[in-house]
Amino acid sequence: QRERTFLMLKPDAVQRGLVGDIIARFEKRGYKLVALKFMNASEDLLKRHYADLSSKSFFNGLIKYMSSGPVVPMVWEGKDVVKQGRSMLGETNPLASLPGSIRGDYSIDIGRNVCHGSDSTESAKHEISMWFTEKELVNWDSHM
Ligand code: CMP
C-alpha cells in the first residue's frame, strides 16, 4: 500500500558527503520524494523527536550530536516504504547491518549511523508532522 515515511540524514551523512548517494538509493528503488529540507535542527525539536529515548543514558549525547551540524529531514512515499526504508537503512547498530544496506556500507558506529527512519506508519505520521508543515508536503505526479 502507498504510504509515507520520515527519513533524516544525520550530521555524519552531511559531513561525509553521503547526501546525494542516499537520496539516489531511494529514487532508484522507485520511491517518490514528497518533502526535503536542509537545516540545523534545534535542541527543542530534537528532544521532541527523540522523546521516547529521554530516559536512555545516551540521550544527551544523541541530542548534542544531532545538533552538531545540519541534517536533511525528508518525506518519501511509495509501497511499503516504512518497512522497506528500514531494510534499506539496515539495523540501528551498523555492525549488525548487512553490506548493501546504507548503514552496512557506511558506518561502524551506533551513534553515527548515517540516517534515521520511522519504525512504523504511526511514528512516521507523528515525525512528519513534527518536521514539516502541511504546505511543505509537495503534491506532484511522478508518473510511476
Ligand atoms: P535512530 O534510528 O536515529 O534512533 C535512535 C538513535 O539513538 C539511533 O538511531 C542511534 O543513533 C542512537 N542510539 C541507539 N542506541 C545507542 C547507543 N547504545 N549509543 C549511542 N546511540 C545510540
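For "binding site", an unreviewed UniProt entry lists K10, F58, R86, T92, R103 and N113, in the numbering used here, with feature names shortened and annotations that may be inferred rather than shown by experiment. Of these residues, K10, F58, R86, T92, R103 and N113 are included in the lining of the largest pocket. This is a predicted model, in which local features need pLDDT of at least 70 and side-chain atom pairs count only at pLDDT 80 or more, while totals for chains, interfaces and linings use all residues. Residues are numbered from 1 along each chain as its sequence is written, and side-chain values use heavy atoms, with hydrogens and water left out.

**Ligand surroundings**
- The ligand is surrounded by K10, Y50, L53, F58, L62, T92, R103, I110, G111, N113 and H116 (a residue counts if one of its heavy atoms lies within 4 Å).
- By class, this shell around the ligand holds 5 nonpolar, 4 polar and 2 charged residues, with Gly counted as polar.

**Polar contacts** (pairs of N or O atoms within 3.5 Å)
- A side-chain N or O atom of K10 is 2.7 Å from an oxygen atom of the ligand, and a polar side-chain atom of R103 lies 3.4 Å from a ligand oxygen atom.
- From I110, a backbone N or O atom lies 3.0 Å from an oxygen atom of the ligand.
- Taken alone the ligand exposes 460 Å², of which the protein buries 76% (Shrake-Rupley method, 1.4 Å probe).

Methods
Polar contact = N/O pair within 3.5 Å; in protein donor to acceptor, adjacent residues only side chain to side chain. 1 Å grid on protein atoms, 1.4 Å probe; cavity = no way out; pocket = protein on both sides within 12 Å on 5 of 7 lines; lining within 4 Å.
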